[in-house]
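Dear colleague,

I am handing over the structure below, followed by an account of what was found in it. Please read the notes with the coordinates open beside you.

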Amino acid sequence: RIKSALVNEETGKLSCIESRGCTAPVNKQGRFEIPLKNLTADFLSICTNYAQRANFARVFVCSQMHGFVLADKDGRALTDYISWQDESVFLPCEGKESSWSLFSAQFGEPFKDITGMRLRAGFPAVKILDFVRRNPGGYIKVLSLPEALLLSGKPYHKAHITMAAGSGCVDFSSQEPSADMIRFFSRMGGGVEVSFNEICRDVVPAGEINVSGRWLTVYTGVGDHQCAVLGAGNNQDSLSFNIGTGSQVSAVCGRTPVTPDTERRHFFAGQELQTITHIPAGRVLAALTGFFKTLTGRDGWASFNAVSLEDIKNASLHFNLAFFPDAWGFNKEGGSVTGLTTSGLTEKNFWASLFASFAVQYVKAARLFTPARKYAVLSGGKLAKNPVLAQFLQQQLQMPVKIADVSDETLIGLALLAKEIR
């Protein structure tokens with residue numbers, strides 16, 4: 001979905017909050033793409049609608065990370081928007097080994113040292129390799145979604161570090177594209193030249209769009225993960241649980257510790273995030289509740305949300321929810337259900353066990369962070385608003401857990417950024 005609002009820069013108050021659906025993706029043979037022209041039309045339509053109600057001059061954007069568009073030297077899109085959910089890199093390439101196999105063989109071991117992130121097939125870096133192998137030679141520029149939306153206006157060719165790093169091509173320390181990866185793309189892509197926009201540490205003007213005859217300034221888009229952590233009110237005393245389609249546990253740091261269990265992300269105001277990402281959440285639960293509905297004709301979400309603390313205590317099944325290849329905890333066998341007994345084969349136990357297995361993920365993740373934080377903040381969509389989840393985490397972690405009391409964390413985060421650089 002695409003969420004939007006007007007913000008009063010003096011007070012930070014949001015108004016005219018809206019949400020609309022997004023164009024359905026092309027989702028077949030592992031591909032997950034959305035027509036860029038549709039996303040651009042949605043973006044301009046939203047800005048035009050707000051321009052009829054308010055005389056605003058600046059536009060701030062946050063976006064899902066790990067998606068991208070490729071463009072040519074003249075700023076023309078060569079691809080549609082390719083989502084992080086795209087898994088086409090597992091397919092054979094031109095009759096040869098998959099691009100995932102090739103990339104992971106080259107960068108699997110040093111990838112985290114270079115980028116701060118665990119290597120995943122959903123990263124643009126792997127898909128860039130796939131593209132250049134299929135389309136050798138020439139020139140391509142890698143754009144995140146916020147950058148690609150400006151192709152219809154006047155781009156200034158700048159990208160924020162939170163979005164640029166999400167490509168999986170950026171050296172965490174230098175904050176510049178990895179020279180080793182650029183050389184690898186060129187070698188495997190018949191001498192192709194791969195470029196990126198200028199990477200900026202601060203949120204700065206990224207270009208202009210024409211709305212109803214007026215040119216409006218659009219600022220460098222930021223990562224939705226970081227924006228949500230900011231908007232939920234986290235700081236260096238808190239542990240963030242951000243739960244949506246996927247989910248993350250994160251801690252704001254001055255400088256992130258390097259550990260085998262957590263990853264590093266860039267944040268705002270010179271800070272960084274220690275994080276565990278891609279924890280199975282809404283995406284896998286939607287798959288399971290959807291399967292339940294095909295079997296029974298009933299909505300499983302109501303049963304999932306009705307689970308109590310007492311139900312969790314009595315749950316006997318154990319779900320491995322890492323169904324998807326990029327999920328935290330994924331192994332080659334995929335997801336599983338264990339602890340099956342004849343007495344445990346009840347619908348009530350199914351939902352209680354699913355909820356318990358979902359919640360326990362965050363307990364396990366939280367215990368990998370050092371030093372321990374003073375309290376935790378639960379934020380995100382409907383899943384994060386469940387009071388039973390907050391109570392369970394509080395009991396297990398022995399720390400206060402509060403549900404973020406904001407209308408939408410990402411919109412609040414954007415409002416805070418707008419006010420900061422007014």
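**Pockets, cavities and packing**

The residues that line the second largest pocket divide into 8 nonpolar, 2 polar and 3 charged, where Ala, Val, Leu, Ile, Met, Phe, Trp, Tyr, Cys and Pro count as nonpolar, Asp, Glu, Lys and Arg as charged, and the others, Gly among them, as polar. This is a predicted model, in which local features need pLDDT of at least 70 and side-chain atom pairs count only at pLDDT 80 or more, while totals for chains, interfaces and linings use all residues. Residues are numbered from 1 along each chain as its sequence is written, and side-chain values use heavy atoms, with hydrogens and water left out.

The volume of the second largest pocket is about 270 Å³, a volume being the space filled by probe spheres set on grid points that are joined across faces, edges and corners. On a 1 Å grid over the protein atoms alone, a pocket is an open set of points with protein on both sides within 12 Å along at least five of seven lines, a cavity is a set where a 1.4 Å probe fits but cannot get out, and lining residues have an atom within 4 Å of a point. Of the 13 residues that line this pocket, Phe268, Ala269, Leu417, Glu420 and Ile421 are the closest to its centre. Helix α14 (residues 409–420) gives the most to the lining, with 3 residues; helices (H or I, at least four residues) and strands (E, at least two) are DSSP runs, numbered from the N terminus.

The largest cavity, with a volume of about 120 Å³, is lined by 17 residues, of which Ser144, Glu147, Met163, Ala164 and Ser167 lie nearest its centre. The elements that give two or more residues to this lining are β9 (139–143) and α6 (161–164), and by class the lining has 10 nonpolar, 6 polar and 1 charged residues. The second largest cavity holds about 60 Å³ of space, and its lining, which includes Trp84, Phe90, Arg283 and Asp326, has 4 nonpolar, 2 polar and 4 charged residues.

Among the helices, α9 (residues 282–296) and α12 (residues 347–366) pack at an angle of about 170 degrees with their axes 12 Å apart, the axes being lines fitted to C-alpha atoms over the stretch in contact, and angles running from 0 to 180 degrees between N-to-C directions. That makes α9 roughly antiparallel to α12, a term for angles over 145 degrees. Leu285, Leu288, Thr289 and Phe292 in α9 meet Glu347, Trp351, Leu354 and Phe358 in α12, contact meaning heavy atoms within 4.5 Å.

Two other helices are worth a look. In α8 (residues 224–231), 7 of the 8 residues are buried, so the helix is largely enclosed by the rest of the structure; buried means under 20% relative accessible area, exposed over 50%, and partly exposed in between (1.4 Å probe, protein chains only). Just after α8, Gly233 takes a positive phi of about 90 degrees. Helix α4 (residues 124–134) is mostly covered, with 10 of its 11 residues buried, and its buried residues pack against β7, β8, α2 (99–107), β9 and α7 (179–188).

Finally, Ala77 is placed in the loop between β7 (69–71) and β8 (81–82) and is partly exposed, with a relative accessible area of 40%.

With best wishes

Notes:
Parallel < 35°, antiparallel > 145°, perpendicular 65-115°, else oblique.
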